[in-house]
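Here are a few notes to go with the model. Have it open while you read.

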Amino acid sequence: MTLGRFVGYVALLVSGMLALIMAGCTPQPPPPLRVGTNVWLGYEPLYLARDLGYFEGGPVHLVEYASATEVLRAFRNHAVEAAALTLDEALLLLDSGQQPRVVLVMDVSNGADVILGRAGMRGLGDLKGRRIGVEHGALGAYVLARALTLAGMTLDEIQVVPLPAVAHERAFLQHEVDAVVTFEPVRTRLLQQGAAKLFDSSQIPGEIVDVLVVRSDYLEREAAAVAGLVQNWFRALAYVELHPEDAAARMRPRLALDADEIQAAWQLLRIPDIARNLRMIRGSGAELLAPVRYMQHSMRAQKLLRQDMEATALLDASVIEKVMP
């Protein structure tokens, strides 16, 4: 080997070693925090935060699915680290051996989830023998079962038609079903086209709760990333409060509603602030514990859950505590 080649070889070796050393010294970006959602008014502050640039440069990636059933599947298959779900859906994950942790209460539905029937129907009794579209294995199954129980009816008295959320509006308008268990924004659009409201979540106050769940192992490793997501959630809520018209305009493309319709539908939700969140999910006195236990009992009776579970295993206030001002 000539001297020139030897010097070149040594220089290449040294530069390679320096590159490795520098790579070891460079902070590595956190792993992605993929958040699975479907289209629902109560989840829109996440997309508002993205639209406002709050997630830029961070690990948060919002992943949109056509239905809650697909979000549940994605969580079970480790395709997402977090998910926006209803409380009963979080229980389904826990029942199936997953380890979700509720770190944030996003909203409480107070009329935004509904059972809609054909024009002229006056109550749930008119559904006897009729075809009811419902997303089985997600919130719709729980809403339908609770509504029928309150009406003194059973599932045997109706025809359940499994129907993903993305198909609710089309199936109803094309008369493939006589009624549908659905939610905003489909609620507003079908009511505008003559559907009759037979039941809504205001009749079961405090039961339809939307939450952010995070995989327990990710939460342990990447608590700071989850805290950043939750902080930006509250930033987005503050923006809605300060700039309601602009916020509604920014939500319009995904919801396919007019801005005034979005603002009207927003009144059908109760959005807990950070202090209320802490009261709802922290410790043995957490306000959500009683609803979770009641829901678990109800879902067991309806054969939606296989086993009894400790409700406290679901709630984790560590993130809220971290972001408290």
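1. Starting with the largest pocket: its lining counts ten nonpolar, three polar and three charged residues (Ala, Val, Leu, Ile, Met, Phe, Trp, Tyr, Cys and Pro are nonpolar, Asp, Glu, Lys and Arg charged, the others, Gly among them, polar). The space in this pocket comes to about 240 Å³, taken as what probe spheres set on the points fill, with points joined across faces, edges and corners. A pocket here is an open set of points on a 1 Å grid over the protein atoms alone, where a 1.4 Å probe fits, with protein on both sides within 12 Å along at least five of seven lines; lining residues have an atom within 4 Å of a point.

2. Of its 16 lining residues, V39, A165, V166, V186 and R189 are the closest to the pocket's centre. Elements giving two or more residues to the lining are α6 (168-173), β8 (179-183), α7 (186-192) and α10 (244-255); helices (H or I, at least four residues) and strands (E, at least two) are DSSP runs, numbered from the N terminus.

3. A word on provenance: this is a predicted model, with local features needing pLDDT of at least 70 and side-chain atom pairs 80 or more, while totals for chains, interfaces and linings use all residues. Residues are numbered from 1 along each chain as its sequence is written, and side-chain values use heavy atoms, leaving out hydrogens and water.

4. Now the sheet: six strands make an open, mixed one, ordered β2-β1-β3-β10-β4-β11 (strands pair if DSSP finds at least two bridges between them). β2 (60-64) and β11 (269-270) are the edges, each with a single partner strand, so one side of each has no neighbour in the sheet.

5. Inside that sheet, β3 (82-86) and β10 (209-215) run antiparallel, joined by five bridges. L85 has V211 in β10 as its bridge partner.
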